[in-house]
Amino acid sequence: MKKGTTHLINLKVNGDNRGSLIALEENSSVVPFFVKRVYYIYGTLPDVVRGKHAHKTLKQVLVCVSGACDIECFDGQHRQTITLNNPSQGLYLEGLIWREMKNFTPDCVLMVLASDHYNEADYIRDYTEFLKENFSNW
Ligand code: TYD
């Protein structure tokens with residue numbers, strides 16, 4: 001399975017005296033895949049931790065369009081916590097990344113662009129299995 005990569009993307013803001021507008025286009029340098037699904041997470045209760053899984057093949061771009069949350073990412077070697085608190089930033093996730101989303105503010109809306117339809121078979125929800133898959137990559 002593909003080694004995990006994460007990177008933050010600065011999205012182009014079209015701003016004027018009316019406010020701001022950001023456009024995301026599929027198959028672009030910002031969203032390097034065809035978007036088959038968009039979903040968003042909101043109304044998350046305090047102290048909730050979401051995610052706790054990795055994906056086998058899915059590519060995603062996460063944008064916190066309102067509020068803030070933390071995305072903890074572990075590629076099997078390095079752990080990092082990325083705070084998304086700005087709608088002009090996107091977090092690209094590809095390959096084997098164990099991710100946990102936490103510290104959602106009450107107004108947080110986390111939008112996710114995904115390269116494929118929802119498919120439970122693409123999930124690795126067992127942490128030991130994630131470590132095993134990852135180990136076989138190094
Ligand atoms: P879940 O995987 O628990 O979300 P998270 O990764 O944020 O912790 O998904 C919650 C429920 O929503 C679960 O029943 C599966 C369903 N779901 C869909 O039907 N389609 C989707 O695209 C996603 C991401 C989840």
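Which residues form a nonpolar patch on the surface? They are Val38, Tyr40 and Tyr42, and together they have about 370 Å² of accessible area. This is a predicted model, where local features need pLDDT of at least 70 and side-chain atom pairs count only at pLDDT 80 or more, while totals for chains, interfaces and linings use all residues. Residues are numbered from 1 along each chain as its sequence is written, and side-chain values use heavy atoms, leaving out hydrogens and water.

Let us stay with the patch for a moment. A patch is made of residues with over 30% relative accessible area and no salt bridge, where like charges are joined within 9 Å and nonpolar side chains (Val, Leu, Ile, Met, Phe, Trp, Tyr) within 5 Å. Accessible areas come from the Shrake-Rupley method with a 1.4 Å probe, and for residues only the protein chains shown count as cover. Tyr42 lies in strand β4; strands (E, at least two residues) are DSSP runs, numbered from the N terminus. Tyr42 is exposed, with a relative accessible area of 57%. Here exposed means over 50%, buried under 20%, and partly exposed in between (1.4 Å probe, protein chains only).

On a 1 Å grid over the protein atoms alone, a pocket is an open set of points with protein on both sides within 12 Å along at least five of seven lines, a cavity is a set where a 1.4 Å probe fits but cannot get out, and lining residues have an atom within 4 Å of a point. Grid points are joined across faces, edges and corners, and a volume is the space filled by probe spheres set on the points. The largest pocket holds about 200 Å³ of space. Its lining has 15 residues, with Tyr39, Ile41, Arg50, His53 and Met101 nearest its centre. Strands β4 (37-42), β5 (50-55), β6 (59-66) and β10 (98-102) each give two or more residues to this lining.

What about cavities? A search of the whole structure finds 1 cavity of 30 Å³ or more, and about 50 Å³ of space lies in the largest cavity. Among the residues that line the largest cavity are Arg37, His55, Asp116 and Tyr123.

Side chains of opposite charge can pair when their charged atoms come close. A salt bridge is counted when a side-chain nitrogen of Lys or Arg is within 4 Å of a carboxyl oxygen of Asp or Glu, and the count comes to 6 salt bridges. Asp116 pairs with Lys36 at 3.8 Å, N to O. Asp116 lies in the loop between β11 and β12 (123-124) and Lys36 in the loop between β3 and β4, so this pair ties together parts that are 80 residues apart in sequence. Another salt bridge joins Lys102 and Glu100, whose closest N and O atoms are 3.4 Å apart.

Finally, visit two loops. Asp47, in the loop between β4 and β5, has a positive phi of about 70 degrees although it is not a glycine. Asp47 is exposed, at 81% relative accessible area. Phe104, in the loop between β10 and β11 (109-114), is buried, with a relative accessible area of 9%. Phe104 and Thr44 are 60 residues apart in sequence, and their C-alpha atoms are 6.4 Å apart in space.

Conventions. Helices (H or I, at least four residues) and strands (E, at least two) are DSSP runs, numbered from the N terminus.
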